[in-house]
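Hi,

Here is the structure I said I would pass on. Have a look at it first, and my notes follow below.

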Amino acid sequence: MSSISTRRRQRLPTLFEVLNRRTLTPVDLFAFYVFMRDQHRSVDYLDFWLDVAQHMSLCRHYVRQLRRSVLVATPDLEKGSSKHSSQVLEAFKLQQHSEITNGPEQESKRVSMILRSESSASGSKVMAKRNSALMSDERLKRNSQIENVKEQDDDDEPTMDSPLAQVNSSTVTRAHIRESAYRIMVTYLVAGAECELVLPLPIIRGITTAIEVDGRDDPEVFDEAKDYVFQAMEREAFPAFLSNKALGNLVPAGGLLRLIIGLFSLFAAFWVAFILIFLDWKPKSTRLWLIFPFSIGIYGCLSYQYDLDPMIVFAGYSELNFMKFMHIDEPYVKSLLIRRAIWVMSLVVVLVIGLCVLFGLVPGKRL
């Protein structure tokens with residue numbers, strides 16, 4: 001990601017930018033993953049999106065390998081010595097034309113077109129039937145793998161490394177792509193799966209039919225489900241993520257801790273203040289010590305109210321997990337948090353001064 005483009009962005013990032021790793025902490029993909037896992041409780045949808053994106057990367061790498069192998073194997077295409085190579089290279093020509101006319105948003109369709117061309121030219125329909133017959137055995141094997149995929153460490157550090165990423169990027173084969181597609185289907189779309197997603201039934205049926213019956217494994221198979229999951233995250237989870245990370249720097253547990261400390265400090269401050277008043281404690285300058293419990297109490301309560309700890313913001317950090325912090329690197333978010341921290345500190349100062357003056361000037365009366 002270009003640091004220049006990040007500095008020029010004078011706005012909050014979009015979900016597309018976060019998912020494509022074009023943002024910095026505290027609104028990067030890692031922070032979004034932790035938020036989806038610990039607070040929104042819907043990390044399976046993000047896992048699905050990331051696995052489909054990894055599947056797309058595998059397909060893209062395979063297409064590049066296929067193009068190089070075809071060019072090396074058929075140096076003289078005018079002789080028409082290979083029908084298979086001619087069909088695939090024709091798809092490459094269409095891909096190059098599509099890149100010029102449509103742009104990068106059509107990449108999934110371009111890669112899928114090449115994979116389908118390569119499959120039809122090499123007789124992949126026969127292999128699709130064979131894979132469909134072996135699907136029941138493969139499901140049993142992959143169901144035992146799903147548990148290992150979703151296990152996480154005891155230190156609450158999330159792992160976004162998909163099992164698809166374990167494939168050696170230098171030796172991607174069509175079998176890897178086919179296995180990747182099956183794994184996504186079994187992990188997220190099969191009824192009763194551990195990470196089963198709540199998606200419209202037509203979308204699920206379309207994907208399972210395309211993979212099991214038609215023998216397809218191109219990334220376009222998952223486009224509709226991927227778009228549905230993206231829109232769901234954009235509509236529900238992402239606004240809450242921005243509110244939590246771009247407008248504040250505390251997690252719920254951290255805010256609750258500050259609320260408890262703040263309320264206890266305020267109770268102690270009021271208790272001591274009334275004791276000094278009704279005992280008519282001399283000298284009255286002793287009441288100035290009330291500034292400390294009042295400051296702690298109001299600071300804690302306002303930190304909970306705004307989900308923001310000003311002192312931590314001024315130090316340049318944001319809370320990732322409870323008592324685990326990350327540096328604030330996104331320029332616009334940092335400036336936004338600093339402005340809000342100044343506002344909260346101003347409220348703290350005004351309220352503390354008001355309470356200290358009020359209880360300092362009240363005449364004492366011994367009961």
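Let me start with a helix pair: α13 and α15 cross in a right-handed way (the near helix is turned clockwise from the far one by less than a right angle). Helix α13 covers residues 291-306 and α15 covers residues 331-361; their axes lie 9 Å apart at an angle of about 145° (axes are lines fitted to C-alpha atoms over the stretch in contact, with angles from 0 to 180 degrees between N-to-C directions). On the α13 side, the residues in contact (heavy atoms within 4.5 Å) include F294, Y299 and L302, and α15 brings W343, L351 and F359 among others. This contact has 16 nonpolar residues, one polar and one charged (Ala, Val, Leu, Ile, Met, Phe, Trp, Tyr, Cys and Pro count as nonpolar, Asp, Glu, Lys and Arg as charged, the others as polar).

A word on ground rules: this is a predicted model, where local features need pLDDT of at least 70, side-chain atom pairs need 80 or more, and totals for chains, interfaces and linings use all residues. Numbering runs from 1 along each chain as its sequence is written, and side-chain values use heavy atoms, without hydrogens or water.

Now the hairpin. Strands β1 (residues 317-321) and β2 (residues 324-327) pair antiparallel over four bridges (pairing takes at least two DSSP bridges). E319 sits opposite F325, and M323 has a positive phi near 65°. Four of the five β1 residues are buried (under 20% relative accessible area, 1.4 Å probe, protein chains only).

Overall, 45% of the 367 residues are buried.

Cheers

How values were computed:
Helices (H or I, at least four residues) and strands (E, at least two) are DSSP runs, numbered from the N terminus. Buried means under 20% relative accessible area, exposed over 50%, partly exposed in between (1.4 Å probe, protein chains only).
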